[in-house]
Amino acid sequence: MVELKFRCAVNPPADINNSGKPPKKLSENLFIYSSTMRQYLSADKEKELIETANTLMAKGKGLLAADESTASMLKRFQSIGIENNEENRRLYRQLLLTGSKDLANYISGVIFFHETFYQCDNNGKPFREILKDNGIIPGIKVDKGLVPLAGTNGENTTQGLDNLSERCAQYYRDGARFAKWRCALKIGDGLPSELCIRETSNVLARYASICQQVLRKFSFFSGFRTD
């Protein structure tokens with residue numbers, strides 16, 4: 001498995017500072033460029049976004065990926081002879097999320113699958129509310145899995161952009177404060193193909209754009225992962 005990290009820098013025209021000369025440093029360039037743009041978020045939403053990001057990236061803590069699909073849970077349960085039904089999946093999540101009082105010392109956020117996001121403990125309290133009460137931020141996986149990418153040698157693209165804005169808005173109302181999207185690139189001889197790279201970039205850009213629209217209305221922090 002290979003994790004790819006992407007960085008992007010904005011390089012506006014040289015005359016943006018009205019001097020006719022480019023700034024000496026990229027940081028100056030970015031500052032001048034950003035200062036000419038209308039503020040995208042209100043002050044309170046910007047503060048909430050920063051607090052969410054800082055909490056998720058707290059030193060010594062990490063994110064718990066508890067977003068396995070029903071099919072993935074089938075593989076796990078089969079290995080120990082447990083039936084893969086909703087109640088058993090709920091009990092497994094309950095053990096995972098409430099079995100230790102020290103969870104918040106090491107976990108800053110939990111990524112949920114749709115089913116688990118709306119499940120509750122034995123007392124009827126939603127798991128997402130239990131996490132929130134313990135200072136752990138609930139998140140949600142919003143992609144809908146990989147599908148074959150036509151015209152490639154076994155490569156894939158990610159589905160789930162349809163109705164993504166509406167789904168993210170509802171997840172936010174129900175307590176989610178960040179989102180996750182996964183794309184997969186095969187690394188090998190001639191792979192990934194240019195077509196797959198372009199498709200993956202386009203899908204991630206559309207995902208980010210949609211999340212930013214929701215963020216502008218609410219305050220939604222988005223992230224992505226490529227394998």
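Mentor: We begin with contact, which means heavy atoms within 4.5 Å. In this chain, among contacts between residues at least 6 apart in sequence, 68% join residues at least 24 apart. Please note that this is a predicted model, in which local features need pLDDT of at least 70 and side-chain atom pairs count only at pLDDT 80 or more, while totals for chains, interfaces and linings use all residues. Residues are numbered from 1 along each chain as its sequence is written, and side-chain values use heavy atoms, with hydrogens and water left out.

Trainee: How many helices and strands does the chain have?

Mentor: Helices (H or I, at least four residues) and strands (E, at least two) are DSSP runs, numbered from the N terminus. The chain comes to 8 helices and 7 strands.

Trainee: What percentage of the residues count as buried?

Mentor: Buried means under 20% relative accessible area, exposed over 50%, and partly exposed in between (1.4 Å probe, protein chains only). Of the 227 residues of the chain, 36% are buried by this rule.

Trainee: How is an aromatic pair described?

Mentor: One gives the distance of the ring centres and the angle of the planes. Rings of Phe, Tyr and Trp (its six-membered ring) pair if their centres lie within 6.5 Å; planes under 30 degrees apart count as stacked, over 60 as edge-to-face and the rest as tilted. This structure holds 6 aromatic pairs. Among them, Phe-77 and Tyr-92 are edge-to-face, with 6.0 Å centre to centre and 85° between the planes. Phe-77 lies in helix α3 (residues 70–78) and Tyr-92 in helix α4 (residues 86–98), so the pair ties together parts that are 15 residues apart in sequence. Phe-77 is buried, at 5% relative accessible area, whereas Tyr-92 is partly exposed, at 25%. Another edge-to-face pair is formed by Phe-112 and Phe-117, with 5.9 Å between centres and 70° between planes.

Trainee: Which charged end sits over the ring of Phe-117?

Mentor: A charge sits over a ring if NZ of Lys or CZ of Arg is within 6 Å of the ring centre and within 35 degrees of the ring normal. Over Phe-117 sits the charged end of Arg-128, 5.0 Å from the ring centre. Likewise, Arg-177 has its charged end over the ring of Tyr-172, 3.7 Å from the centre.

Trainee: How many residues does the largest nonpolar core have?

Mentor: In soluble globular proteins, nonpolar side chains tend to be buried together. A nonpolar core is a set of buried Ala, Val, Leu, Ile, Met, Phe, Trp, Tyr and Cys residues joined through side-chain atoms within 4.5 Å. Here the largest has 28 residues, and those with the most contacts inside it are Val-110, Phe-112, Val-142, Leu-164, Trp-181 and Tyr-207. Elements that give two or more residues to this core include β2 (107–112) and α8 (194–217); α8 gives the most, with 6 residues.

Trainee: Where is Pro-138 placed, and is Pro-138 buried or exposed?

Mentor: Pro-138 is in strand β3 (residues 137–141) and is buried, with a relative accessible area of 4%. Not counting residues up to four places away in sequence, Pro-138 touches several residues, including Val-110, Phe-112, Phe-117 and Arg-128. Pro-138 and Phe-127 are 11 residues apart in sequence and 8.9 Å apart in space, C-alpha to C-alpha.
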